[in-house]
Amino acid sequence: RLGIIGAGNISREHMKVIKAMDDVRVVGITSRTISKAEEMSNDYQIESVCNNVYELIEKCAIDALLVFVSADQVFTVTEKLIPQQIPLFIEKPPGLVPEETYTLFKLADENGTKNMVGYNRRFYSVFHKGIEIIKNSGRLLGVSVEGHERFWKVVNRKPQNILDNWLYANSTHTIDLLHFFGGEITSFNTISKSFKERNGDQFVATVEFESGSLGTYTAYWYSPGGWSVTLYGEGVTVIFRPLEKGKWVDTNFTEYKIEPDELDKKYKPGFYGQMKSFCNMLQNTSLEWPGQDLAGALETMQLANKLLYA
């Protein structure tokens, strides 16, 4: 029995997945704009629309809460919920700055509140197929992540507090992929510059992983590009450009397409696997890889912080 906080577009994408899953259902919803919650209730047959989260908890006998509010509201809402000790699914970013994420991490640890943070790209089926291709060939030698942001497209569409912290609010999606693919990071050296944004908009990092693999992260926010990942293996290279599409190349330079699973074609990529992982966490004692909790999200935030304060 799940309760939802927030009734925006992301909430609807999650609802499509939940409706398709067995043994889980949304029994209540609340939102800052109640009319939107009522509309979602009608569209997805949600039993109860509540005026606030405390009414939702008291009225609906929920097993977990899903926090789908706007990026600048996640911290405030989640901080109030953690002491309730109800398991939480938290859409990223859990905080607009690392200090907020650290506060939530400590609070969850003190209260023993199970949690998961929504970095859905960790569940892309093409990523996991790419990882297997590398493993079957030998070792992972390197990871290259490009996190170009097309910032000129969002600069007039988002609140200033989100724009000022865009590296945390949005770029952590790609920064997180460094340790998703490469594992534990032992060295992270950075250079940053600013073309227009006072907090930086050009970032380069060189990375060494515990395994001995190497990595790079580059982001130029005002240059046409996009998000991509390249994995370098022994005699094989795997490329995701854009992230939702994959291919691999052998030593003859023959290219092979990596097909996503049907669930990633039917729903927003990664969303079904992500929610399945959260539901498994509710039934088990811990969150399993590739799921990311507040501790992992904090690590990603701290990497972003190193980029910002190179």
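Glu 259 is partly exposed, as its relative accessible area is 36%; that label covers the range between buried (under 20% relative accessible area) and exposed (over 50%), with a 1.4 Å probe and protein chains only. Keep in mind that this is a predicted model, where local features need pLDDT of at least 70 and side-chain atom pairs count only at pLDDT 80 or more, while totals for chains, interfaces and linings use all residues. Residues are numbered from 1 along each chain as its sequence is written, and side-chain values use heavy atoms, with hydrogens and water left out.

So what does Glu 259 pair with? Its side chain meets that of Lys 257 in a salt bridge, 3.4 Å from N to O. The term stands for a side-chain nitrogen of Lys or Arg within 4 Å of a carboxyl oxygen of Asp or Glu. Lys 257 itself is exposed, because its relative accessible area is 65%.

Helices here are DSSP runs of H or I with at least four residues, strands are runs of E with at least two, and both are numbered from the N terminus. Glu 262 is exposed at 57% relative accessible area, whereas Lys 265 is partly exposed at 47%.

The structure holds 12 salt bridges. Another one of them joins the side chains of Lys 247 and Glu 255, at 3.3 Å from N to O. Lys 247 counts as partly exposed, because its relative accessibility is 29%.

Now for a residue with quite another setting. Is Gln 274 buried or exposed? Gln 274 counts as buried, because its relative accessibility is 0%. You'll find Gln 274 in helix α11, which runs over residues 271-283. Its side chain reaches the backbone nitrogen of Tyr 119 at 3.4 Å, and a polar atom of that side chain lies 3.1 Å from the backbone nitrogen of Asn 120. Leaving aside neighbours within four places in sequence, Gln 274 is in contact (heavy atoms within 4.5 Å) with residues including His 14, Phe 89, Met 116, Gly 118 and Phe 123. Tyr 119 and Asn 120 are on that contact list too.

How values were computed. Polar contact = N/O pair within 3.5 Å; in protein donor to acceptor, adjacent residues only side chain to side chain.
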